[in-house]
Amino acid sequence: MAKNHHVVFKKRPGVNGEPAEDNFGYEECDYPSDPNTGEVLLKTLYLSIDPAMRCRMNPETGVTYIGPFQIGDCIGGFGGVGLVVKSANSAFQEGDVVSAVFNWQWTKFFLGTPGELFPLQKIDSSLVNGHISLYLSILSMTSGLTSYIGVKEKGHITQGANQTMVVSGAAGACGSLAGQIGKLEGCSRVVGICGSEEKCSFLTEELSFDSAINYKTQDVSSELQKLCPSGVDVYFDNVGGDLSNTVIKQMNTNSHVILCGQIAVYNKDVPYPPPIPDDIQRMITDKNITRDRYLVLNYQDKFESGMKQLVEWTVQGKIKVRETIEEGLENAGKAFVSMMKGGNIGKQLVRVAYS
């Protein structure tokens with residue numbers, strides 16, 4: 001019988017602790033039995049590695065739509081792409097390439113029951129020239145739709161309005177897409193903030209960003225004043241904390257914060273969205289800046305049209321996608337820790353198998 005392995009949750013990092021590789025364990029496990037009626041036996045090809053998993057490492061997640069990991073359990077991530085090995089479900093056949101957003105197990109082979117808790121879908125590999133991992137980045141809910149719907153619904157971008165957009169965490173899975181989408185939607189200027197010269201070059205030389213700021217080596221406030229002389233109209237916020245406070249200080253009246261993520265405080269025991277200083281809150285109120293919590297799951301009626309647009313842009317080459325791929329299921333924990341420290345450019349993935 002074929003061997004099987006999975007990644008289990010070994011210990012919590014502590015509500016204010018940084019994740020470490022020893023929070024995860026790589027262990028041999030049983031190969032699944034044949035699927036019962038309604039089930040499919042899946043072989044994992046790619047895993048999606050997402051910052052939002054950090055909240056599941058605490059005893060309480062702080063959100064209502066997903067619960068915490070339990071010690072000793074196999075990790076269930078926010079997405080994967082795999083192959084149907086055997087099927088007892090009429091909607092799927094052996095050899096189908098499939099993906100799911102939630103509850104994809106960090107294991108090489110596993111049984112799944114497609115449905116509301118495991119929304120398995122067949123994917124069209126020909127649409128992406130066999131580049132099936134794109135279904136975990138630009139064509140996924142957690143990256144592509146989150147970026148697109150966030151910009152469309154919360155950015156209030158108008159063609160010809162000469163708007164300036166700033167993106168923090170700009171070289172990450174969502175940030176790198178959001179900046180390009182902002183440009184396509186009509187922003188006249190897009191500025192990215194990231195943490196290395198390599199990432200800055202990626203934004204300005206490979207993507208459509210007009211400028212990039214390295215927050216580790218440059219003064220963000222003074223750089224924003226130079227690069228955004230008319231102020232900031234749209235801020236796609238992946239980071240939070242002091243960096244975002246600096247951006248908000250330069251936002252215009254009636255401008256908009258798209259609250260996508262707050263990775264700067266994911267390792268801290270604070271509510272989500274985290275509280276902001278009183279002076280920043282007063283500024284938001286006085287300038288009528290919108291800064292509402294944004295959850296893509298609340299916009300499911302926009303998924304079909306959003307995905308259609310993302311597919312169109314992808315096929316036309318109007319959006320470019322970068323992936324950082326860690327090889328091997330045994331390195332999934334390592335990939336997560338690296339991503340949380342900014343080690344990725346674009347979408348962080350783990351390749352478990354080739355076929």
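**Reading contacts and burial in a predicted model**

Visitor: What share of the contacts in the protein with a separation of 6 or more comes from residues 24 or more positions apart?

Guide: A contact means heavy atoms within 4.5 Å. In the protein, 69% of the contacts with a separation of 6 or more are between residues 24 or more positions apart. This is a predicted model, in which local features need pLDDT of at least 70 and side-chain atom pairs count only at pLDDT 80 or more, while totals for chains, interfaces and linings use all residues. Residues are numbered from 1 along each chain as its sequence is written, and side-chain values use heavy atoms, with hydrogens and water left out.

Visitor: How many helices and strands does the secondary structure have?

Guide: Helices (H or I, at least four residues) and strands (E, at least two) are DSSP runs, numbered from the N terminus. The protein has 8 helices and 17 strands.

Visitor: Why does the radius of gyration agree with a compact globule?

Guide: The radius is taken over C-alpha atoms, and the globule rule is 2.2 Å times the number of residues to the power 0.38. For 355 residues the rule gives a value near 20 Å, and the protein agrees because its radius of gyration is 20 Å. Along the principal axes, the C-alpha atoms fill a box of roughly 65 × 45 × 35 Å.

Visitor: What percentage of the residues count as buried?

Guide: Buried means under 20% relative accessible area, exposed over 50%, and partly exposed in between, with a 1.4 Å probe and protein chains only. Of the 355 residues, 54% count as buried.

Visitor: Is R351 buried or exposed?

Guide: R351, in strand β17 (residues 347-351), is buried because its relative accessible area is 16%. Leaving out residues up to four places away in sequence, R351 touches L45, Y46, I325, E326, E327, G328 and L329.

Visitor: With which side chain does the side chain of R351 make a polar contact?

Guide: A polar contact is a pair of N or O atoms within 3.5 Å; within protein, one must be able to donate a hydrogen and the other to accept it, and residues adjacent in sequence count only if both atoms are side-chain atoms. The partner of R351 is the side chain of Y46, at 3.1 Å.
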